[in-house]
Amino acid sequence: MLTGPRGCLVTGGSRGIGAAIAAALAGHGARVAVHAGRDLAAARAVVDSLPGAGHVAVVGDLADPDAAPAVVAAAVDGLGRLDVLVNNAGVFEAHPIDGVDLDTWRAAWRRHVAVNLLGPADLAWLLVDHLRSRPEGAAGGRIVAVGSRGAYRGEPVTAAYAATKAGLHSMTQSLALALAPYGITATAVAPGFVETDMARSVLDSPAGDAVRAQSPFGRVATADEIAATVMWLALDAPDWVSGAVLDVNGASHLR
């Protein structure tokens with residue numbers, strides 16, 4: 001049974017959904033390592049805004065295969081313990097198959113796979129290795145992935161994004177099977193559009209009203225709504241939800 005504040009690493013925590021997740025976790029007593037790909041100042045600004053003490057900022061471009069070990073090592077060193085990984089960092093870049101050349105298409109796919117799938121896979125391995133090696137054992141460790149409804153409904157302009165999020169869902173469910181004997185859970189959320197800087201160009205465009213109309217609530221999610229769900233999975237949810245991919249999309253896509 002874990003005692004004391006949980007140590008949580010939130011990738012992509014310097015803005016948007018990640019920053020909201022960091023705030024939700026800290027607000028419920030966790031100590032948080034806020035990760036940024038390159039902008040350490042932004043991660044530190046989020047750390048400074050969090051309630052409680054003992055939070056740290058870490059940096060590393062997850063497109064670089066060498067970044068993940070350094071990120072986890074910095075989180076463990078800064079927090080003193082690491083119990084929870086929130087695989088939130090990701091890229092979402094337009095690359096319509098009928099609108100880009102082959103080199104652009106290939107580059108988009110490789111970047112999405114590197115950041116949205118291979119980075120989270122490396123981080124998961126590193127967390128599990130840490131949990132299995134620590135004196136108190138692995139039980140109580142948790143992995144939460146921020147996926148997307150696009151994994152199910154498709155993304156015609158960002159096919160690599162949808163494909164990598166589908167892979168992230170599947171990987172997380174495979175980890176749930178592999179890690180249950182150690183007392184580690186793995187879950188994911190699948191949001192639709194969220195009110196963030198990443199989605200701003202779409203939401204403020206002529207297509208914005210149609211996007212909001214996808215939900216019967218007539219709006220898109222707030223980052224805090226996604227964060228509240230992730231916080232529950234990371235800190236409070238029973239083990240029996242392990243393997244679940246929770247739709248958090250305001251009934252905009254049902255399956």
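Reader: Why is Tyr 161 called buried?
Author: Its relative accessible area is 13%. Buried means under 20%, exposed means over 50%, and partly exposed is what lies in between, using a 1.4 Å probe and protein chains only. Since 13% is under 20%, Tyr 161 gets the label buried.

Reader: Where do these values come from?
Author: This is a predicted model, where local features need pLDDT of at least 70 and side-chain atom pairs count only at pLDDT 80 or more, while totals for chains, interfaces and linings use all residues. Residues are numbered from 1 along each chain as its sequence is written, and side-chain values use heavy atoms, leaving out hydrogens and water.

Reader: What makes Phe 92 and Tyr 161 an edge-to-face pair?
Author: Rings of Phe, Tyr and Trp (its six-membered ring) pair if their centres lie within 6.5 Å; planes under 30 degrees apart count as stacked, over 60 as edge-to-face and the rest as tilted. Here the centres are 4.6 Å apart and the planes stand at 90°, so edge-to-face it is. Two aromatic pairs turn up by this rule.

Reader: Where in the chain do the two partners, Phe 92 and Tyr 161, sit?
Author: Phe 92 is in the loop between strand S4 (84–87) and helix H4 (102–133), while Tyr 161 is in helix H6 (residues 159–179). They're 69 residues apart, and the pair links distant parts of the chain. Helices (H or I, at least four residues) and strands (E, at least two) are DSSP runs, numbered from the N terminus. By the way, Phe 92 has a relative accessible area of 30%, so it counts as partly exposed.

Reader: How do you know that Arg 111 and Glu 93 form a salt bridge?
Author: The rule asks for a side-chain nitrogen of Lys or Arg within 4 Å of a carboxyl oxygen of Asp or Glu. For Arg 111 and Glu 93 the N to O distance is 3.2 Å, and they pass. Arg 111 is in helix H4 and Glu 93 in the loop between S4 and H4, 18 residues apart. Both are partly exposed: Arg 111 at 28% and Glu 93 at 32%.

Reader: How many salt bridges are there by this rule?
Author: Nine. One of them joins Arg 212 and Asp 209, at 2.9 Å, N to O. These two both lie in helix H8 (residues 208–212), three residues apart, about one turn of the helix. An α-helix has 3.6 residues a turn, so residues three or four places apart point the same way. There's also a network of salt bridges linking Arg 81, Asp 83, Arg 134 and Glu 136.

Reader: What makes Arg 255 a charge over the ring of Tyr 152?
Author: The rule wants NZ of Lys or CZ of Arg within 6 Å of the ring centre and within 35 degrees of the ring normal. Arg 255 lies over the face of Tyr 152, at 3.9 Å from the ring centre. Arg 255 also meets Asp 247 in a salt bridge of 3.1 Å, N to O. At 56%, Arg 255 counts as exposed, whereas Asp 247, at 35%, counts as partly exposed.

Reader: What is meant by a nonpolar core?
Author: A set of buried Ala, Val, Leu, Ile, Met, Phe, Trp, Tyr and Cys residues joined through side-chain atoms within 4.5 Å. The largest has 35 residues, and Ile 21, Leu 25, Val 32, Val 34, Val 86, Ile 226 and Val 230 touch the most other members. Another core, of 32 residues, lies apart from it and includes Val 56 and Leu 168.

Reader: How do you know that the end-to-end length of H9 agrees with what a helix should span?
Author: The expected span is 1.5 Å times one less than the number of residues. For the 14 residues of H9 that should be 20 Å, and the end C-alpha atoms are 19 Å apart, which agrees. Buried residues of H9 include Ile 226 and Val 230.
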